[in-house]
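Let's take a walk through this protein model together. Have the sequence and the 3D view at hand, and we'll go from one region to the next.

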Amino acid sequence: MAFKIAIIGRPNVGKSTLFNRLVGKKIALVDDTPGVTRDRRVHAAKLYDLVFDVIDTAGFEDAAAATLQGRMRAQTEIAIKEADLIFFMVDAKAGLTPDDRTFVEIVRRSGKPVVLVANKSEARGASSGALEAWELGIGEPVQISAEHGQGMPDLRDAVVEALGKERVFEDDEDEADDIAESDVLIGEDIADPDAEDVHAYDETKPLRIAVVGRPNAGKSTLINALIGEERLLTGPEAGITRDSISVDWDWQGRSIKMFDTAGMRRKAKVQEKLEKMSVQDGLRAIRFAEIVIIVLDATIPFEKQDLQIADLIIREGRAPVIAFNKWDLIDNPQEALAELREKTERLLPQARGLQAVPMSAETGRGLEKLMDAVMKTHRVWNSRVSTGKLNRWLEGILAHHPPPAVAGRRLKIKYITQAKTRPPGFVLSCSRPDAMPQSYVRYLVNNLRESFDMPGVPIRMALRTSDNPFAGRAKKKK
């Protein structure tokens, strides 16, 4: 089992920058604004020949437990308990602050081995700040630059000295080959998930689920309720989540990786750079998820932004499931549910039969039904229909409702086959693809969805024509 290192310190000392360097990818959001990180994030990391898990944490702040900063501090204290080693990070450029002196006492009381890390040591005058860090009484400061990668060999040696060679090297070296795969949604070096074996429905791989929605819809609360612990930071404030945080979980024997995302407001309202970064992080999570749970506030559902988020998910080819959260606040549940399901069919016709589940993350009601809907949608998203069945279906369609004539010429449809899954994609061979009316293509898709039981997922229909082997040949002279 790999050892864990928690990166601790006050806001804006560069914890997330060091986290990204150790992981080898730009996973955590980084900005000059203090307090960007709020949730704790765990990821596999490597420092030369050392393989371990690293925990990024929120900046330590002295605040009451009931406040947002107090809840962030509680998450950081959990990280300290989980870790085998602590990187206590200070800003060598700015020097020590009263907060550094206060929070180092909390780290010292934990009894865990500590490495004092003096970041931003590349700056002019940083050496005096590094010397000042000796006053904390937790050993020699390791001078690094997380931004530029300076001082990493010294940091590696400090880890070995703090934990001992036996603890550091007890794991198999083969684990180093596996660390690049654990957080595939976020980062710049992501492969297209459709490039994997899209023809197979492999239940051994973790099911990737992204949870999205407007701010304050209850996304983080929903994930906490599903996994049964306060893993993600929640509260009445809107916009608490900033990074897309991954949580590994097991549901009825199925391995699942869930991604919490920042709330998505209308583009016109997103002005701050940090919020734009958070939204972009969430959009990447959507693009590389398999199932996307759209969390709607049941008291104010189907705002314009909700529909735009759902449309984006469908256009990206992901499998959507709607969760009507805060159902415990609805007065007439039967009447409200009938109305919401009617609106779902009317407002999202591009994924007819979309699974929509009423639930309450606060009380835990409806969570089983939500996960059942997720699994059902995932099976449909991976479904494949044989070419024989498709063409027998097509014969019946053409006999009952053939394509219309365009410019006085009848359109001929030759055959249909399924080219891919995730989502289901079909190729229709016809005489003039450009002339085929979109209304007839929609008719085929809707009938295909109904005939082969494919509700609630995007269906792609590509039109192709076979090449004419005689095209371009001159006519023979008589």
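Let's begin with the aromatic rings: a search of the whole structure turns up 4 aromatic pairs. Keep in mind as you look that this is a predicted model. One of the pairs brings together Trp393 and Phe452, edge-to-face, with 6.2 Å from centre to centre and 65° between the planes. Trp393 sits in helix H12 (residues 387–400) while Phe452 belongs to the loop between H13 and S17, so this pair ties together parts that are 59 residues apart in sequence. How much of each partner is on show? Trp393 has 11% relative accessibility, so it counts as buried, since the cut-off for that is under 20%. Phe452, with 21% relative accessibility, counts as partly exposed.

Another aromatic pair is made by Tyr440 and Tyr443, and this one is tilted: the centres are 5.7 Å apart, with 40° between the planes. Both tyrosines are in helix H13, and because they are 3 residues apart, about one helical turn separates them. There's a simple bit of helix geometry to recall here: an α-helix has 3.6 residues a turn, so residues three or four places apart point the same way. Tyr440 counts as buried at 3% relative accessibility, whereas Tyr443 is partly exposed, at 23%.

Helix H13 covers residues 438–451 and lies across S15, S16 and S17, running at about 130° to S17. Those three strands form an open sheet in the order S15-S16-S17, with mixed pairing. Strand S15 (413–420) and strand S17 (460–464) are the edge strands, each pairing on one side only. From one strand to the next, the twist averages 25°. Strand S16, residues 425–430, pairs with S17 in the parallel sense over 5 bridges.

Let's step back for a moment and take in the chain. It holds 13 helices and 17 strands. Of its 478 residues, 53% are buried. Among contacts with a separation of 6 or more, 71% are between residues 24 or more positions apart. The chain exposes about 22900 Å², and carbon and sulfur atoms supply 48% of that area.

What covers them? Just after H1 comes Gly24, which takes a positive phi of about 90°.

S3 runs parallel to S1, with 4 bridges joining the two, and Ala6 stands opposite Ile55 in S3. S2 and S3 run antiparallel and are joined by 7 bridges; there, Ala44 has Asp53 in S3 as its bridge partner. S2 and S3 form a hairpin with 2 residues between them, and Tyr48 in the turn has a positive phi of about 55°.

Is Arg318 buried or exposed? You'll find it in the loop between helix H9 (304–315) and strand S11 (319–325). At 3% relative accessibility, Arg318 counts as buried. A polar atom of its side chain lies 3.3 Å from the backbone oxygen of Glu316.

Glu135 is in the loop between helix H4 (126–132) and strand S6 (142–143). With a relative accessible area of 54%, Glu135 is exposed. Leaving aside neighbours within four places in sequence, Glu135 is in contact with Leu96 and Arg101. Glu135 and Arg101 are 34 residues apart in sequence, and their C-alpha atoms are 8.7 Å apart in space. Their side chains are joined by a polar contact of 2.6 Å.

Key: Residues numbered from 1 in each chain as written. Predicted model: local features only at pLDDT ≥ 70, side-chain atom pairs only at ≥ 80, totals over all residues. Heavy atoms only, no water. Buried < 20%, exposed > 50% of the residue type's maximum accessible area, 1.4 Å probe, protein only. Contact = heavy atoms within 4.5 Å. Areas by Shrake-Rupley, 256 points an atom, 1.4 Å probe, with all protein chains shown as cover. Pairing = 2+ DSSP bridges. Axes fitted to C-alpha atoms, helices over the stretch in contact; angles between N-to-C directions. Phe/Tyr/Trp six-rings, centres within 6.5 Å; stacked < 30°, edge-to-face > 60°. Polar contact = N/O pair within 3.5 Å; in protein donor to acceptor, adjacent residues only side chain to side chain.
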